[in-house]
Amino acid sequence: MATLDQLSAALVKADAAGNADDARALAAEIRKMRTAPAAEKPSVGSMLKDEIMGSVPVQMGLGALRGAAGIGATLLTPYDAVVGNTKSITNPERRADIDSAMPKIGAEPDSLAYGAGKLGAEIAGTAGVGGALAKGVTAVAPGATGFANALASGGFKAGAGGGVGNLLTRAAGGAISGGAAAGLVNPEYAKTGAVVGGALPVVAQGLGTAARAAGSAIRGKPATAEVQQLAARAKELGINIPADRMVDSKPLNAIAASLNYVPMSGRAGTEEAMNSQLNKALSRTFGQDSSNVTQALRKAETVLGGEFERTLKNNAVNFDRQLLDDATAVFNRAERELGADALKPIASQIDELISKGATGQIDGQAAYNIKKTLDRISRGSGNEAWHATELKKVLMGALDRSLGPQEAAAFAKTRAQYGNMLDLEKLAKNGVEGEVSVARLANMKNINNPQMQELADIAAQFVKPREGQHGAAQRIFTGGAAASVAGATGGVGGLAALGGAMAGGRATNMLLNSNLARNAALGTSNPAIENALAQALPATYRAAPVLSAR
């Protein structure tokens, strides 16, 4: 493609020659090039990223080639013996020649990618050593299955049973297969590989015993079946409970409380999310789906009130014998407990019920008017408020009996939601971002609705903080943070310590929110995780001796 200078020169020539058409075309092209945006140059960061991403696969491949070549050098040892090369059984000259040749083909031995590729090839290349040795043992001694298993698994397992004999068999198998694997990478490290391979089964068993004991001490007594069921129900309702709230453990309580004072730990977000999820579950009990309970209650009052109005106005209430008996019982109880003045509004509404039901039915509009009056009285602060609520239940029960099966079921749901709404109105905080007090929900009494009861149980068992804000954790962290900042005035060590505390806090909070930690706290097993660990541990046993040969 012609440059701007070349086009300008051509334009001058075309104009001098009197070629108007070519001159116009060239001028248009020049204007186009001058007005076109300049091509964006790649940033240094993007070029560096491309270079790194482009070189990583290459260096990993070259590292893998070096790892395979090292194993090949060991496999040539018998050939060295045949041809009389007895300077050294390990033939370090051959490995030195390989190492000096790698940079000539573009290898960067100091790069992480090269090292990762080399290690990966060495682990993969030696993975079958134990299995090959086990086949040899089985061929010579078919009955030595325990020792063959120990060789094949790198000491991870032997025969059936346990005890010292089993552990010694595993250690012997691990030592032999570990020495063979490390020796295959480099014969000079066979002894180290044998020591590591033999020690690993013993150390792992000790660590496993210690870990189980430590886990039991931290977790405390195991969770009961009821607590496990409630935790599962909380999960179904979308409430994510961290592991420390699953059990009442003083160590876990202290750890969780301290995280609130570690910047960027994420603990505050965890607790806010849990409270928000609880509020959302609460709002569903009265037909809403919002974490802002205050606003949801105000909306529900309009929605549920409208449903009451629609149902009452469109359906007459049968004045049956049960309605008369229930209303009489309310009056007798109110008469015993209230004074003459407080009794008047209750007696007046009972008289209204009897008067409007003289024909055997209470007109829908009349029933609605009585219900509205009882709503007003029940919201009062006097003793008559409770009796007004009881009389309203009598009226609603009569309406239930007057409806058909489908309408009665729908109205029963509306009544339950309305009752939940009234209960939660006493707990919700004012404000545009109102929420329910977890402590007050956890302490609710005389709950008649199963949905509300399980949420109160979840609040009491899991959501309510177990460790009080006594300030000890705050003093510990702020004291450490102050020391770190003071140290940072003379260098970066203090800031590094503070950054380490922040990173550790975040990692701890992530662990407490993991399913692995939740299951461990509850004492429940996770087959998928156990299977993954069962697959990973033998590979770790086989790889450890190779890692030592470096």
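Please keep in mind that the model is predicted. The largest pocket has a volume of about 1100 Å³, and α20 is the element that gives the most to its lining. Helix α19 also gives residues to that lining, and it packs against α20 as well as against α16.

**The largest pocket**

- Lining this pocket are 29 residues, and the closest to its centre are Thr389, Lys393, Gly419, Leu422 and Asp423.
- Two or more lining residues come from each of α18 (364-378), α19 (384-402) and α20 (405-425).
- Nine residues of the lining belong to α20.
- By type, the lining of the largest pocket holds eleven nonpolar, seven polar and eleven charged residues.

**α19 with α20**

- The axes of these two helices come within 10 Å and cross at roughly 160°.
- Since angles over 145 degrees count as roughly antiparallel, α19 and α20 are therefore roughly antiparallel to each other.
- The crossing of α19 and α20 is right-handed.
- On the α19 side, the contact uses Lys392, Lys393, Met396, Gly397, Leu399 and Asp400, while α20 brings Ala408, Phe411, Ala412, Arg415, Tyr418 and Leu422.
- Seven nonpolar, one polar and four charged residues make up the contact of α19 with α20.

**α16 with α19**

- Helix α16 (residues 321-337) packs against α19 at an angle of about 175°, and their axes are 10 Å apart.
- That angle makes α16 roughly antiparallel to α19.
- From α16, the residues that meet α19 are Gln322, Leu323, Asp326, Ala327, Val330, Arg333, Ala334 and Glu337.
- Their partners in α19 are Trp386, His387, Glu390, Leu391, Val394, Ala398 and Arg401.
- The contact of α16 with α19 divides into eight nonpolar, two polar and five charged residues.

**α16 with α17**

- Helix α17 (residues 340-356) packs with α16 at an angle of about 165°, with the axes 10 Å apart.
- This makes α16 roughly antiparallel to α17.
- Here α16 passes α17 in a left-handed crossing.
- Ala327, Val330, Phe331, Ala334 and Glu335 of α16 make the contact with Leu343, Ile346, Ala347 and Ile350 of α17.
- The residues of this contact are eight nonpolar, no polar and one charged.
- Ala327, Val330 and Ala334 of α16 are worth a look, as they meet α19 and also take part in the contact with α17.

Terms used:
Residues numbered from 1 in each chain as written. Predicted model: local features only at pLDDT ≥ 70, side-chain atom pairs only at ≥ 80, totals over all residues. Heavy atoms only, no water. 1 Å grid on protein atoms, 1.4 Å probe; cavity = no way out; pocket = protein on both sides within 12 Å on 5 of 7 lines; lining within 4 Å. Points joined across faces, edges and corners; volume = space filled by probe spheres on them. Helix = DSSP H or I, 4+ residues; strand = E, 2+ residues; numbered from the N terminus. Nonpolar A, V, L, I, M, F, W, Y, C, P; charged D, E, K, R; others polar. Axes fitted to C-alpha atoms, helices over the stretch in contact; angles between N-to-C directions. Parallel < 35°, antiparallel > 145°, perpendicular 65-115°, else oblique. Left-handed = near helix turned anticlockwise from the far one by under 90°. Contact = heavy atoms within 4.5 Å.
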